[in-house]
Amino acid sequence: MKKLTGQDRSITSRWRPATQAVRGGTARSNYGETSEALFLTSGYAYDCAGDAAARFAGDQQGMTYSRLQNPTVEMLEQRIALLEGAEACRTMASGMAAMTAALLCQLSQGDHIVAGRAAFGSCRWLTDTLLPRFGITATIIDARDNDAWRAAILPNTKLFFFETPANPTLDVVDLEAVCRIAKDAGILTVVDNAFATPLLQRPMDYGADVVAYSATKMMDGQGRVLAGAVCGTADFIENTLLSFTRNTGPTLSAFNAWVVLKGLETLDLRIRRQSENALKVAQFLEKRVPRLLYPGLASHPQHDLAMKQMSAGGTILSLYLDGGRAQAHALLDALELVDISNNIGDSRSLMTHPASTTHSGLSEAVRAEMGVEEGMLRLNIGLEDPEDVIEDFDRALKAVGL
Ligand SMILES: *Cc1c(COP(=O)(O)O)cnc(C)c1O
């Protein structure tokens, strides 16, 4: 059989990202299949009892149980690690399983963290509600303000946690500056990179220690499965994360890993085309709505920073209407092509009203502090012809008096 190079890091690390996304991590069975095999198995059999003992002792290579290892899942982990430029990656059952594991595996009672105020609703629930129950305190800051990071550091600060661009306000965090502040203080940074993916932004190139994903979003990219991933050094993954995840069990199913492997094959194509489409729709909408935020537009207050650390603006934009929830809901209801849906990263254009959906679990005060206003809408731009999306908005905006 022709030599398969997907597992040889000395070769795959030289490949460009689009090649890594198609071939990185691929391991073939003895059938020589071209597409990655789906191993739906919970257990593994051993040739003799001594082999089983040796594998459990770590003296023999091989798999023991699919909560711990699975060949399809390992292919995905190697591919994501490669794209991220990370030494290692472990996948999880969802993005929130990844965020929870990335935080809880390294925090203990008495620790303190600093986190960005604009964040995915469930990430705010982790920092505001779950961690304090275990004696871990959090200071929530405006993550755009580098001085606020420095000022929030306490003697027991263990880590910085933030998203960039953030959900749903599209706040951009200065990766290089914030990771430098953390490093100087001996603090670890955990970055949620779901919006940009490693194809548009690699936080580790700017000094981030741990990068975590909802792979449900752009990595699957076709609205099919939930998945998550945590990337870091081999030492962090093996000695800090693994004992937590192996024993608590937020394992990604082999089937979902296989779907995400297929998704990654087209990630480079999709995210670039969707970013181009998003820019066109943003340019149209900017002239029709009172306020619009898209990192790829010069009107975004942090456009220069976004373009320094991202190679395109991404698929998400946020718009703000003056007529509050009523007008926002009316616009959603008037759309024909764009679906009302709170998912993002999909190949379909989807729009949601965060205050009454994704961020409805947060108090009004927290929403106000984050910038999630009643008239705000979050829009994911898909792979449709952007002219059709623009026509849909043109008609729907007229219907709500805009
Ligand atoms: C969706 C999302 C999550 C959670 O991911 P799930 O796969 O839905 O669990 C976390 N962070 C960000 C920024 C997200 O967009």
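I began with the term pocket, which on a 1 Å grid over the protein atoms alone is an open set of points where a 1.4 Å probe fits, with protein on both sides within 12 Å along at least five of seven lines. A molecule sits in a pocket if more than half of its atoms lie within 2 Å of its grid points.

I noted that this is a predicted model, in which local features need pLDDT of at least 70 and side-chain atom pairs count only at pLDDT 80 or more, while totals for chains, interfaces and linings use all residues. Residues are numbered from 1 along each chain as its sequence is written, and side-chain values use heavy atoms, with hydrogens and water left out.

Ligand. I looked up where the ligand sits, and found it in the second largest pocket. I found 15 residues surrounding the ligand (a heavy atom within 4 Å), the closest being Gly95, Met96, Asp192, Thr216 and Lys217. For polar contacts (pairs of N or O atoms within 3.5 Å), I noted a polar backbone atom of Gly95 at 2.8 Å from an oxygen atom of the ligand, and a polar side-chain atom of Ser214 at 2.8 Å from a ligand oxygen atom. Taken alone the ligand exposes 380 Å² (Shrake-Rupley method, 1.4 Å probe), and the protein buries 92% of that.

Definitions and conventions. Polar contact = N/O pair within 3.5 Å; in protein donor to acceptor, adjacent residues only side chain to side chain. 1 Å grid on protein atoms, 1.4 Å probe; cavity = no way out; pocket = protein on both sides within 12 Å on 5 of 7 lines; lining within 4 Å.
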